[in-house]
Structures are given as structure tokens and as C-alpha cells.
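Morning, everyone. Please bring up the model on your screens.

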Amino acid sequence: MLTWAIPFNICCFLDSHSYDSSPPAFECLLAAGAVETFEATAGNAFSGLKEWSAGHEDWLIGHFAYDLARETEPIQGGHSFEDPIGFPDLTFFIPVHLILLQKDSIRIGSLGEDPAVIWAQIAGTVPAEKTGAATPAFTPRFTREEYLSTVTALRRHILRGDCYEINFCQEFFDADADIDPYATWWALSQASPNPFAAFYRLDQRFLLCSSPERFLKRTGKMLYSQPIKGTAARVQQDSAADLRQRQQLYESDKDRAENVMVVDLVRNDLARVCLPGSVQVSELFGIYPFPQVYQMISTVVGEIMPGLDWTEAIRACFPMGSMTGAPKKRVVQLINQYERSRRGIFSGAVGYRDPAGNFDFNVVIRSLLYNRADRYLSYQVGSGITFYSDPEAEYQECLVKAEGIRKALAQ
């Protein structure tokens, strides 16, 4: 399916990698080509999307970049870093072709093409092979020592009461990279298959995403958010040691404190758009296995207020608490102060809204970002900093989270 979509300069491929999700979703979704596209810059982006989408009872595919925080959590000033990747703050498109793959069926919808012809084309497509490009040479924005001293500075902010927890991210980049985005995404999906993976292309800008995290989903009257806070490395060659890692994560006071702070933030966000008394934590401190890590995941649910537009639900919860911290407005300021890169689409969200008004969006983490025109390749990783954080442990957590990316690129 993805190889068939290569000729399209705008496409989105969402892959659950056969994870059982609750509520259930499809195995894969492919949207290719654009009948109409809406783009906006932070300021009035959400209101513009609300107005545009109201006239379209279609599938809408697209993204919310982290930099929309300038609209939802406005702060004075702002860093002057450019975003070399260049995704707009917000983009949605109505696809020419939409394909939904389930475990036992495939549904093809197309504007202007016979679905049977598309099926025959896909069935006859040979998957693209990986080309022999040079392995990227990444440079960190922070040296190890600079990272450790910054975490120490953030802990001082927490001690002063400026915030309770902050998600601090660092970038690794190659300013002259030559990769095949399709083959690289395939390698990433093999090295690190995750339930909210995405291949997303807007012209010469590519997102290669292997995210394990859901931001926000609507099914009928219900909203679901599943924040991740708490990470432990897997031990692939020793099952007993691997299980000990799982148990230690579950019992970790530091990770539980970090997780429950984000859960409280998500509960408060959902309470702004859900019926009073309907917001509940259906699972707290769930431990889930992924290829390189165990993750602590909680699930918060609520019943959306009648008549509320889908864009208002997203806006009330954006940016997601797992990628900011608490309280949200203050940590957005600190992120702006201490990080050395624009996040852009990283720690934003990619997903869809269907014709019935249901939607599902991931959290853009564990991802490679590529501007093919400028040959700029980047990935960012972060961790939640609390007063009890050990700077060296946080640095090592970042490296663990990047393991799937490094494995895919054979580093």
C-alpha cells in the first residue's frame, strides 16, 4: 500500500502494527492525494480549522504541530530558532483515495478512480527495496554535560515551585543527510513496531513515526486519552531480568508520581469539554511492553459535551500533558526558555477525523523528521523531569527511547 502511494506528494499511512487497542481501531489507514487542503499558522489556526471542517463531511487527515502552543498557551516573546523541517503549524486534507485495512477486509474509497483498479494496482505492486544510502551522522544540540546541567537547572525551578514536572527534549540532527524516506520508515517499523506509527508526507517534508502513544480519540460520545509517563529498557536476552525491569517500573515511586501528575492534568483538560462528573481514570499505571521499552500508560475517559465541535476538544487538550508537564502554561514557558530547537511537528499529533465526527490522533514521538529538499534529518527525544530526577538517568532514558531509530539506521 505504501509503495503504491509513492507517486503522491501528499499522503498519510497510519499503522497499528496489529496491537490490540481499546477502543478498537483499524489495522492500517492510507490517505493519498488531496482534493482540498487547509493550512494555518498559530494564532487563529483552531478557529480556522473549525470553520473549514464544518463544511466538509469527509475524511480529514492531518496534523497539529507542537508550535500551536503559541495559540493555546500564549507566552510573551519566544525563541528565534528556525524549524528546518518546515511542516506548517496545522495541515488537514481531504484525500483523493482512502484505504482502510482490517485484519480480514480492505475498504477502498476513491474520488475519480474505480476502487477495483486501485486494488489491482496495489496487489501488483512490489514493495520498494532499501537503497544503499550513507548512514546519517547525527550531531546533538546539547553535549552530555550541557544536558545534565540543564536538568539540574530545571530541578531548581521545581524546587522553587515554578512547576511540578516538565518534559525536556533534545534534538539530534544531520544537516546533509541522504535517505530514502519510504525504505527508512519501513526499516523503522521493523525495528520498532508501535501501535500509533505513521508515515506522513507533505511535498518534500516527511514524518517517519513509530509512536506508542495516543493523544486523543473520540468514539461516539466518549473521549479517550492515554498519556505515557514512565519508561524502562527491555532486556531482550534475559527473560527474568526483563520481567524485573517491568516490575521495577510498576513499583517506581518516581515514575508513578510523574504519571499521576500528567493524569491529573489530562483530567483537568478533559473536564473543560466533557459532561460534569463523567471524567474517569479507567486505568492507572498500566505497564505495556514495546520492542525496546516498557511504558507506564494510564487511560482517562469522559463523555463529550453535546454539540461541541471536534476542534474545540483538541484545542482544550493541546499540547498534550505528557509532552509538556504541569502546570501547562508555566512549563511551556520553560520549554521555550531551555530547549535549543523548535519542536515543530515533534510532540504534536497526526491522525484523522471521519465523516461521523469521530477522530483519533497520536503523539508524535520516537520519530525521524526529514526535509528532503534541504537534506535535513532530525529526531528529538525527551523525558519527564521531576525534583527526584537523576540527570544521568534522564540522559540514559533519552538514549533508550532513541534505540529504535538508531537500529533502523544501523547505528
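Start with D269 and K328: their side chains meet in a salt bridge, at 2.9 Å from N to O. By salt bridge I mean a side-chain nitrogen of Lys or Arg within 4 Å of a carboxyl oxygen of Asp or Glu. D269 sits in helix α7 (residues 253-271) and K328 in helix α9 (residues 328-338), so this pair ties together parts that are 59 residues apart in sequence. Helices (H or I, at least four residues) and strands (E, at least two) are DSSP runs, numbered from the N terminus. Both D269 and K328 are buried. Buried is under 20% relative accessible area, exposed is over 50%, and partly exposed is in between, with a 1.4 Å probe and protein chains only.

Some ground rules before I go on. This is a predicted model, where local features need pLDDT of at least 70 and side-chain atom pairs count only at pLDDT 80 or more, while totals for chains, interfaces and linings use all residues. Residues are numbered from 1 along each chain as its sequence is written, and side-chain values use heavy atoms, with hydrogens and water left out.

Back to charges. The salt-bridge count comes to 23. Next pair: D360 with K217, closest N and O atoms 3.6 Å apart. This one links distant parts of the chain: D360 is in strand β17 (residues 359-362), K217 is in strand β10 (residues 214-219), and 143 residues separate them. D360 counts as buried because its relative accessibility is 8%. K217 counts as buried too, at 4%.

Now look at D203 and R205. Their side chains form a salt bridge at 3.7 Å, N to O. D203 is at 36% relative accessibility, so D203 counts as partly exposed. R205 is at 16%, so R205 counts as buried. There is also a network of salt bridges, linking R144, E145 and E392.

On to the cores. A nonpolar core here is a set of buried Ala, Val, Leu, Ile, Met, Phe, Trp, Tyr and Cys residues joined through side-chain atoms within 4.5 Å. Which members of the largest core touch the most other members? F64 and F215, out of 65 residues. Strand β4 (residues 90-101) supplies the largest share of this core, six residues. Apart from it lies another core, of 52 residues, including F168, W185, I385 and I405.

Stay on F215 for a moment. Its contacts include Y224, I314, F318, M320, F361 and V363, leaving out residues up to four places away in sequence. Contact means heavy atoms within 4.5 Å.

Cysteines next. C11 is buried, with a relative accessible area of 0%. C12 is buried at 0% as well.

Last, the surface. L159, F387 and Y388 form a nonpolar patch, with about 380 Å² of accessible area together. Areas come from the Shrake-Rupley method with a 1.4 Å probe, and for residues only the protein chains shown count as cover. Patch residues have over 30% relative accessible area and no salt bridge; like charges are joined within 9 Å, nonpolar side chains (Val, Leu, Ile, Met, Phe, Trp, Tyr) within 5 Å. F387 lies in the loop between β19 (376-385) and α10 (391-401). F387 counts as partly exposed because its relative accessibility is 33%.
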